[in-house]
Every structure is written in C-alpha cells, then in structure tokens.
Amino acid sequence: MAKEIMTTNRAVAEAVKLAKPQVVPVYPITPQTTISEYLAQFVADGDLDAEYIRVESEHSAISATLGASEAGVRVFTATSSQGLMLMHEILFAAAGMRAPIVMADANRAISAPLNIWNDQQDSIAQRDAGWIQLYVENAQEGFDTILQAYRIAEHEEVMLPVMVCLDGFILTHTVEPVDLLEQEEVDTFLKPYVPKFAYLDPERPMSLGNFADPEYYTEARHDMQVAMDKSMEVIKEVGAEFGEKFGREYGLTESYLCEDAEIILVCMGSMASTVRYVVDNLREKGEKVGLLKIRSYRPFPYEEIDEITKNADKLAVLDKNFSFGIGGALFADLKTKCHKETYGFILGLGGRDVVPEYIEEAVELTKNPVKEVTWLGLKEDE
Amino acid sequence: MVSIGCAISEPGSTRKNKTGSWRTFKPILDKEACVDCDNCIMFCPEGCVNKDHDIDYDYCKGCGICKVECPVQAIKMEIE
C-alpha cells in the first residue's frame, strides 16, 4: 500500500483495526482522544466488528477491558495522563491476572500543576504494574508496534499486558507519512487470538482473579517476573519476524553510531529523532557520540545495553520524567543495572521543547560533569 | 491450581489450600481434663474440632476462642 499522511493516533487506530479486537472499551482524554474517535468511527462504519463500550471513566475502561480479555477475546483500550492514573489499581490486576491486553498511552504530564502537554511521567509512574512498556519514536513505529504488541502479549510464555507509549502531541497530533499494511498482509503475521489458559468458558468453569494467601502470592508474582524475562526474547523474535515480512525490523533497543562512541546518549520515544540529529551534527565536528534508544523499558534490556555500550566511556541519560530525590527513572535503572559512568538529565517536562541545544549541553556536561543529575533549561527566578 | 494468574480450574481449592500456616499459637487439648462439654466444637469459627475433640491443624488458625470458652482450662495455647 502507498504511504499515507497521518498522525500517530490515526496510525495506531489503523493498526488496531487490522488487529481486529472484539471489545474496545475506551474513555476519551487529551491527547489520546482521536484514537477513541477513529475507533468509534470504524465500528460505526462497519470497518471494525467490535463491541465499542462507552464507559464512564478510565477505571471502568480498563476494568471492562480486563473483563473482556478474561472472557477470552482480543481487546484494546487507550488512555493518557490522569486517565492512566485512574487506571492504576486495575493495571496491577490486569498484569497479575495475565490478561494479554494491548493499550496505547499518549504520554502526557501529570497534575499538579495541570498540564496537557507531553512528558513521560504518566507511564513511568506505572512501571512496576507488571506491564510490558514499549516506547515509540514516530507514527510508523506506532503502527508497527501495536501489531507486534498483540503477538508479544498473547505469546503463551508471556501472557502479560503491553502498553504502547506515544509522546503526546509530538506524535499523537503530528502528521507524518506512514506505510500502512493490507489486511491480508497483517493476517499472515497476526492470527486470531485463541485463549489457552485462564478465561471464562461455560464448558470449562473457572474462577479468575482469585484470592491467594501467603502460600501462593509470592510464586504468582515470581511467575510474572519469569514471563517478563521471557518477553525479552519474544519482543526480539516478533520484531525480527515483522522485519522479514514487512521490511522494518525492531528489537529491544535501537543503537546509532554507538560502536566507537565515547559518550552515548540514552533516551526513549520521540526524543530519539532529535538526538539522532544532534549526533549527526556533533559527528561532523569530530565528536564521538552515539544514540541508544530504549524501545522496551519493561522488560529492561540491561544485558543488551551493556553490550552496546561496552566501548563507551560515559552515558548521558535523557529523561522526560523525574523520581524525586533520585533523578530520571531511566537514569536510575541504568545506574542500577549497567556498569558505566552515567549522568542524568531532566528535560521536556510538561511540553517544554526538547531542543538540540539541550542535548548538546547534556554532552558537554557529561564530558565535564558538575553533578550527577542536571535539569536542562531550568529558568532562574524572575 | 492453574498457576497462570492464580486461576482456579476446579472446585474444592480451599481443601487443598491449607490455612493452618497462618497460626502463631497452637491450641493443645488435654483430653484427661476434658469434660466433654463440646464448647470448643460449637465455638470454633473454622469447624476445626471434631466430635472426638481432635483439632484439625491443617486449618486451625490459632484464634484461641476454644481456650477462652473451655470451662475447665483443658486447652492451652503454645507458640508454634
């Protein structure tokens, strides 16, 4: 199919239509709203044969999604920011009940102060829920990742929900060329979902979402860790198969000019495009810098990161989120799991533009460090 | 139990799930002192005392109600 011009929200909705979920409970919230609108239109026009549930809140959206998933059908929902906060309780239940839900999160800042613009605090705040989190860089990756997310979530050795994270506005509302796939092509990659384990079936009664006392709880949580570890392989396999079929390959991370880099800039999501531009500019000036884009934040691919960064002297980590008293979440994870001199930078909060100058400043401050964590572009008191 | 997501695929899982591990204090009945009043049978909230006054430690959670209700102090609570 020829390339079409569309936003990432449209690309995500198109991918969902091709994945053919049977139940879509969704509640609108900026900047995710157009995903829910496109899907409503597809259902109304008969292009998507799904039950579209107009729920009264995000807590209900994810609850209905979980319920439908436990009934053994493919499901989809989407949210953002405060909506994801309201889902918090059920996110843990969905992962613990091993429901292969796919959800898009349009990354947006969290109140207070009220802010509708982009950063990644919302999904980062849910990192311990047991969901796989994949961050996308552009509309094409958004489209491709939704299709892969179902394969990953529904893999019988994974059975964990997947959150596909798209930077609000920067991706969700920006039009780009996207290479869409035909239904027949997608059908060769993504087969209909056939539930195998825990799902409701009158022919085979089962109790789901059970109480587990201290004799069982630890093992149930450990099973999730085993599945999360296994998912690393699955994400790579699925990304490679997607590449073989459609020419665009994906993995846990994506590295750019890292082999001989002295400083590697590490980031997630749309920021990677800006960093790639800065890396090119600095390379022209003879500076040995590289980019490491983390696509899979959970599971956290620390062994792969160690391998990619083995020749580098230092890492400069760019976070659009903040854990008070520690620094960015990605920075903290790299400090915990990887073995390099690492500096953290906070930028792009609440929609503040991530400009090339900030990234150049991060490189300078990694060469000549002043402190471990620096807030870039912080204004002095006026 | 089906391990994935702690789903339960057949009835009767509470029989397999021995809850006696919750106990901190264990009731010990001195059958010599027992006067067969059956208070312990009637008051046990878990139905863990049978008609011969044997205590089912697989499910007894050690609440100690039997000890309190015993009129002849035939039951003492010992730490596990």
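The talk below takes the terms one by one.

Modeller: This is a predicted model, in which local features need pLDDT of at least 70 and side-chain atom pairs count only at pLDDT 80 or more, while totals for chains, interfaces and linings use all residues. Residues are numbered from 1 along each chain as its sequence is written, and chains are lettered from A and ligands numbered from 1 in the order in which they are written.

Colleague: What makes H1(A) oblique to H2(A)?

Modeller: The axes of helix H1 (residues 8-19) and helix H2 (residues 33-44) of chain A cross at roughly 40° and come within 9 Å. Axes are lines fitted to C-alpha atoms, for helices over the stretch in contact, and angles run from 0 to 180 degrees between N-to-C directions. Angles under 35 degrees count as roughly parallel, over 145 as roughly antiparallel, 65 to 115 as roughly perpendicular and the rest as oblique. The angle therefore makes H1(A) oblique to H2(A).

Colleague: Which residues make the contact of H1(A) with H2(A)?

Modeller: Two residues are in contact if their C-beta atoms, placed from the backbone, lie within 7 Å. Among those that make it are Val12(A) and Val16(A) of H1(A), and Ile35(A) and Phe42(A) of H2(A). By class, the contact has seven nonpolar, two polar and two charged residues. Nonpolar here covers Ala, Val, Leu, Ile, Met, Phe, Trp, Tyr, Cys and Pro; charged covers Asp, Glu, Lys and Arg; the others, Gly among them, are polar.

Colleague: Why are E4 and E12 of chain A said to stand at the edges?

Modeller: The open sheet has five strands in the order E4-E5-E7-E6-E12 (chain A), with mixed pairing. Strand E4 (76-79) and strand E12 (296-298) each have a single partner strand, so one side of each lacks a neighbour in the sheet. Strands (E, at least two residues) and helices (H or I, at least four) are DSSP runs, numbered from the N terminus.

Colleague: How do you know that E5(A) and E7(A) pair?

Modeller: Pairing requires that DSSP finds at least two bridges between two strands. Strand E5 (residues 102-107) of chain A and E7(A) have six bridges, in the parallel sense. Met103(A) stands opposite Met163(A) in E7(A).
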